[in-house]
Amino acid sequence: MSTQTIDRPVVAAEPRPVRRRRNGVERAKARAGWLLLAPSLVHSILFIALPGVMAVYLSFTNARVAGQGEWIGVKNYLDLFQDADFLHALKNTLLYTVAVVPVAMAVSLAVAIGLNQKIPGRALFRTLFYIPVVTSTVAVAAVWLWIYNPAAGLGNQVLAFFGVARSGWLTDPDVALPALMLVGIWQGLGAKMIIYLAALQSISPDLLEAAKLDGASKWQTFWNVTWPGLAPVHFFVLVTSIASSFQVFDLIYVTTGGGPANATNVLTFDIFSNAFERLHLGYASAETVVMLVFVGILISLGRLSLRGHREDL
Amino acid sequence: MSSFAETPRLTPGRTVLMVVLALGGFLMVVPFLWMILTSFKTLNEVNGFAWLPNQVEWMNYVNALKAAPFATYFRNSVIVVVGQTIPVLLFCTAAGYALAQLPIRGRKGILNYFILLLIVPFQVLIVPLFLVVRRIPLAGGNDILGNGGTGWLNTWAALIVPFVSAPLFTFLARQFFVSLPAELADAARVDGVSEIGIFFRIMAPLAAPAFVTIALFNVESAWNGFIWPLVATSSENLRPLQFGLATFAQGQGSVQWPFLMAMSALATLPMILLFIFGQRYFIAGMATSGIKG
């Protein structure tokens with residue numbers, strides 16, 4: 001059944017022609033439509049849209065857990081950009097995103113292309129690459145904490161095998177963030193790979209065949225047929241990857257708690273500490289708004305950079 | 001996904017590719033392998049490095065379960081997963097069907113609204129969601145205006161209700177229903193089936209793959225959820241498995257690695273098995289939601 005889901009062209013249903021006088025059936029349909037839509041719509045308003053608006057409002061107040069906040073204008077934002085911890089967390093988050101997203105995208109595309117070839121055991125490989133995605137970040141973080149154990153972890157054994165000096169890994173401020181980036185790339189690879197794989201398989205075999213008949217080399221076929229065909233998927237993968245790398249929390253919480261010496265403090269961790277440890281909800285909300293703005297900027301940049309390939313993005 | 005009638009031929013190029021992919025695949029599962037191997041070692045053994053345990057310590061699993069209230073954590077995770085997934089299936093597929101097939105005024109705008117919500121990171125919502133949940137009227141000692149008490153904090157409702165529907169799944173369901181022909185519904189209408197009946201009796205059964213995909217996605221995310229239970233609950237009786245793992249892992253310096261790895265294995269295995277059994281649908285779901293972006 002899954003075969004059909006993918007192969008069937010997904011085309012938006014044409015809206016029915018709107019009649020000037022809606023007849024009984026149309027009215028019944030619309031009524032049923034609202035009824036079926038209502039739970040999801042109401043839920044999204046109460047638990048997503050309303051909190052979203054509240055986050056913006058709270059960011060202009062000095063709200064604390066215990067009481068209502070007062071309106072203090074942009075003070076939180078001014079304070080934020082004087083706050084060394086926040087600036088550090090912002091820098092770490094951007095570093096993490098800029099390092100993890102492109103590498104993970106490139107590797108996952110390469111793996112997807114490999115898995116798109118007719119080789120035996122494709123299903124098994126696909127599963128191997130996807131397994132880290134479905135496991136919880138907390139469990140994954142626990143395992144990597146053990147791998148990065150300076151005394152008896154696997155990490156230092158691998159270094160020793162290659163004749164490299166032992167590392168303190170998560171206890172070394174210079175190494176901790178890159179070490180966590182590696183975990184991020186490892187865990188997120190499969191999700192992107194699956195999306196690329198699905199996209200590769202949806203590229204028309206006729207086009208590939210035509211390119212072959214025209215005598216195009218493999219590289220020419222890739223750059224002229226496959227790559228343009230992937231443009232909308234690049235955008236989708238980019239957006240979801242940026243969003244998820246901005247949200248890295250579980251990994252940091254379990255492994256380093258933001259340390260050593262703030263080296264792995266990221267935005268979400270700083271937000272969490274400010275909101276639920278220092279109980280400063282207004283301030284933490286200002287941080288979330290800044291985070292949202294950065295996600296928005298990065299997504300827009302990604303969109304601009306891909307504009308050339310596709311007009312309807 | 002195309003399937004192959006014949007076994008693919010192995011050319012030199014494909015052999016190299018297979019070796020590279022096998023190596024990559026191995027790197028992907030080494031951490032899990034290392035987790036399982038460690039989970040069978042003795043406490044003394046993990047002070048030095050070795051791949052294989054000297055002798056298999058099955059008791060680690062038993063002792064780890066005793067070291068923390070893992071049975072409770074496990075039960076809590078199951079309650080949250082079931083409590084979220086059943087309404088998610090109902091609400092999101094219904095809304096997806098309505099958005100795809102029924103003539104609702106402003107349908108396009110509502111769809112765009114859901115897509116916009118997709119982009120909002122959950123972390124942005126945590127603080128205000130905490131306040132919303134705390135101020136639910138007439139719950140946890142609150143008055144009608146939501147003041148005074150703790151609302152839904154530290155209740156099952158806090159862990160379940162905010163997640164009984166999700167824009168991602170509504171969107172995914174919509175993408176699926178859009179591809180079903182409207183003629184099927186028209187035929188049922190002629191036979192006098194009610195509009196709601198058409199959804200439940202004609203369309204929903206046809207959408208079985210979408211249901212399975214959404215269920216799997218939601219089970220995964222509910223099972224793996226961490227930050228929200230951490231914020232919304234403080235009672236051990238409500239906290240999920242992931243929380244237990246995290247507490248165990250943070251016993252700085254005194255972490256009992258074999259126990260922690262045993263617990264991680266127990267928390268990981270159900271999801272891996274679920275994925276292996278449901279992966280055809282997972283991949284189909286990613287394809288429908290992904291390609292349309």
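1. What pattern does chain A follow, read along the sequence? Chain A runs α-α-α-α-α-α-α-α-α-α-α-α-α-α. That is 14 helices and zero strands. Helices (H or I, at least four residues) and strands (E, at least two) are DSSP runs, numbered from the N terminus.

2. Some ground rules. This is a predicted model, in which local features need pLDDT of at least 70, side-chain atom pairs count only at pLDDT 80 or more, and totals for chains, interfaces and linings use all residues. Residues are numbered from 1 along each chain as its sequence is written, chains are lettered from A and ligands numbered from 1 in the order in which they are written, and side-chain values use heavy atoms, with hydrogens and water left out.

3. Chain B is helical too. It has 13 helices and zero strands. Its C-alpha atoms fill a box of roughly 70 × 70 × 30 Å along the principal axes.

4. Now burial. Buried means under 20% relative accessible area, exposed over 50%, and partly exposed in between (1.4 Å probe, protein chains only). In chain A, 53% of the 313 residues count as buried. In chain B, buried residues make up 56% of 293.

5. Next, contacts, meaning heavy atoms within 4.5 Å. In chain A, take the contacts between residues at least 6 apart in sequence: 65% of them join residues at least 24 apart. For chain B, with a separation of 6 or more, residues 24 or more positions apart account for 64%.

6. The two chains meet through 115 residues from chain B and 102 residues from chain A. Together they bury about 9,800 Å², with 76% of that on carbon and sulfur atoms. Buried area here is the accessible area (1.4 Å probe) that two parts lose on being put together, summed over both. How many salt bridges does the rule find across the interface of chain B and chain A? It finds zero.

7. Look at the core. A nonpolar core is a set of buried Ala, Val, Leu, Ile, Met, Phe, Trp, Tyr and Cys residues joined through side-chain atoms within 4.5 Å. The largest one has 187 residues, and Leu37(A), Tyr97(B), Phe177(B) and Leu260(B) have the most contacts inside it. Helix H8 of chain A (residues 173-202) gives the most to this core, with 15 residues. Leaving aside neighbours within four places in sequence, Leu260(B) touches Ala142(A) in the other chain, plus Leu245(B), Phe248(B), Ala249(B) and Val255(B).

8. Phe177(B) also belongs to the buried residues of helix H7 of chain B. This helix covers residues 167-178 and reaches 16 Å from first C-alpha to last, close to the 16 Å expected at 1.5 Å a residue. The expected span is 1.5 Å times one less than the number of residues. Eleven of its twelve residues are buried, so H7(B) is largely enclosed by the rest of the structure.

9. Salt bridges need a side-chain nitrogen of Lys or Arg within 4 Å of a carboxyl oxygen of Asp or Glu. Glu26(A) and Lys29(A) form one at 3.3 Å, N to O. Both residues are buried. They are about one helical turn apart, because they sit three residues apart in helix H2 (residues 24-58) of chain A.

10. Lys75(A) and Asp79(A) form another, with the closest N and O atoms 2.8 Å apart. The pair lies in helix H3 of chain A, four residues apart. Lys75(A) is partly exposed at 44%, and Asp79(A) is partly exposed at 29%. Leu78(A), also in H3 (residues 75-80), is exposed at 56%.

11. In chain B, Arg189(B) and Asp186(B) meet at 2.8 Å, N to O. Arg189(B) is buried at 17%, whereas Asp186(B) is partly exposed at 33%. Glu195(B) joins them in a network of salt bridges.

12. Last, the records. UniProt, in an unreviewed entry, places "transmembrane region" at spans of chain B including residues 78-99 and 198-219. UniProt positions follow the numbering used here, feature names are shortened, and annotations may be inferred rather than shown by experiment. In the model, residues 78-99 are 100% helix, with end C-alpha atoms 31 Å apart. Residues 198-219 are 95% helix, with ends 27 Å apart. For chain A, an unreviewed UniProt entry lists "domain: ABC transmembrane type-1" at residues 90-302. That stretch is 77% helix and 0% strand.
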